[in-house]
Amino acid sequence: MDEELKNLIKLWFSAIISISYCYYIPPRIKSGVPRLLSVSPVLALFLVLPLFFSSLHLSLITAFFLTWLANFKLILFSFDKGPLIPIPSNLPRFFCFTCFPIKAQQNPKSQNHLPKLVFAIKVTIFGVLLHLYGYRQNLHPIVMLGLYFVHLYLEIEIILTFVKVLVFISLGCDLEPQSNKPYLATSLQDFWGRRWNLMVPAILRPAVYAPMRRVSERRMSSGWALFPGILVAFIVSGLVHELLFFYMTREMPTGEVTLFFVLHGVCTAAELAVKKKTTVTKRWRLSPVVSRLLTVGFVFLTGVWLFTPQLRRSGVMEKFTYEAVLVVEFVKKKLFTLLGLGNIYDEF
């Protein structure tokens, strides 16, 4: 663990130097291909940084923060688009908005507060999940898969909440939420576009969806041109997830994850096509409870079918949960030691 922390410090030192370069040099270069070429060494560096970790968590977080989001933001930045335009007023802001999955609030509120009770409940449930893993041999495989999905959601929420709070304290600005209760989604469009991991669709819209829609509008009406844009955005998301899986498993992609996103892209497009038929939607309107059950159920079942098999075959899911338990114990031990209560921790 100590060695991984040293690698983490080296990584973020490299990231600070790289982002500082991107803040001072590329903006002086003409936007477009010339600026893209100027940031290409940083893009290449961010592609290889996750490979320096043996820890699944550190490798995955680095890949998500830098390889995926930061690289996409810098590519958009090269063409004067995306969340880095207009350029943040100072280097710390530029660094935070580049490297972390955060976005400045468009309509700042008078007060930005953390729903402490909800967060405490999520942390408590996460702690219970880690405890349940000790009884995994007595649990049905389907129950374990359900726990893995809940684990993934809660861990992402907890990590991103900590990041958001730290950035909020450092920058003193209101930030957009990272997710919006995805378990309450009433449709796939609602789940992927307005509730789950909101920074991702905020990047994919200008980077993939909008250009593809403009190209499609040359050959079809604007009303139908959105469907190729949706499908290509989901395909790109699938390919990026294949890369994330490679960082975790260090195995060649199998295509299952891409197929998962292609399926959801097709279903989302079909859902929008049905919604265009107002008479059909009025006749077959479902209650919110049924819509939520169908939506979350579809995401779960297709995830079990296509999203998790590679992780199960490689043993990553078990290693990921075991590592989470070790990380929690490591943090607890460090906290007890800092408080001068190391002897009490050893007694437990």
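Guide: Let's start with a term: a residue is called buried under 20% relative accessible area, exposed over 50% and partly exposed in between, using a 1.4 Å probe and protein chains only. By that rule phenylalanine 95, at 15% relative accessibility, counts as buried. This is a predicted model, in which local features need pLDDT of at least 70 and side-chain atom pairs count only at pLDDT 80 or more, while totals for chains, interfaces and linings use all residues. Residues are numbered from 1 along each chain as its sequence is written, and side-chain values use heavy atoms, with hydrogens and water left out.

Visitor: How many aromatic pairs does the structure hold?

Guide: There are 24 aromatic pairs. One of them joins tryptophan 12 and phenylalanine 95 edge-to-face, at 6.2 Å centre to centre and with 70° between the planes. Rings of Phe, Tyr and Trp (its six-membered ring) pair if their centres lie within 6.5 Å, and planes under 30 degrees apart count as stacked, over 60 as edge-to-face and the rest as tilted.

Visitor: And which helices does that pair link?

Guide: Tryptophan 12 sits in helix α1 (residues 2-24) and phenylalanine 95 in helix α4 (residues 91-99), so the pair links distant parts of the chain, 83 residues apart. Helices here are DSSP runs (H or I) of at least four residues, numbered from the N terminus. Tryptophan 12 is buried too, with a relative accessible area of 19%.

Visitor: Why is the pair of phenylalanine 191 and tryptophan 192 edge-to-face?

Guide: Because the planes of phenylalanine 191 and tryptophan 192 stand at 85°, with the ring centres 4.9 Å apart, the pair is edge-to-face. Phenylalanine 191 is buried at 8% relative accessible area, and tryptophan 192 is buried at 15%. Both belong to one aromatic cluster, whose members include Tyr153, Trp196 and Phe307.

Visitor: Switching topic, what does threonine 295 touch?

Guide: Leaving aside neighbours within four places in sequence, threonine 295 is in contact (heavy atoms within 4.5 Å) with Ala185, Thr186, Ser187, Leu188 and Phe191. Threonine 295 lies in helix α12 (residues 288-307) and is buried, with a relative accessible area of 7%.

Visitor: Last one: where does arginine 35 lie?

Guide: Arginine 35 lies over the face of phenylalanine 77, at 5.3 Å from the ring centre; a charge sits over a ring if NZ of Lys or CZ of Arg is within 6 Å of the ring centre and within 35 degrees of the ring normal.

Note on methods. Helices (H or I, at least four residues) and strands (E, at least two) are DSSP runs, numbered from the N terminus.
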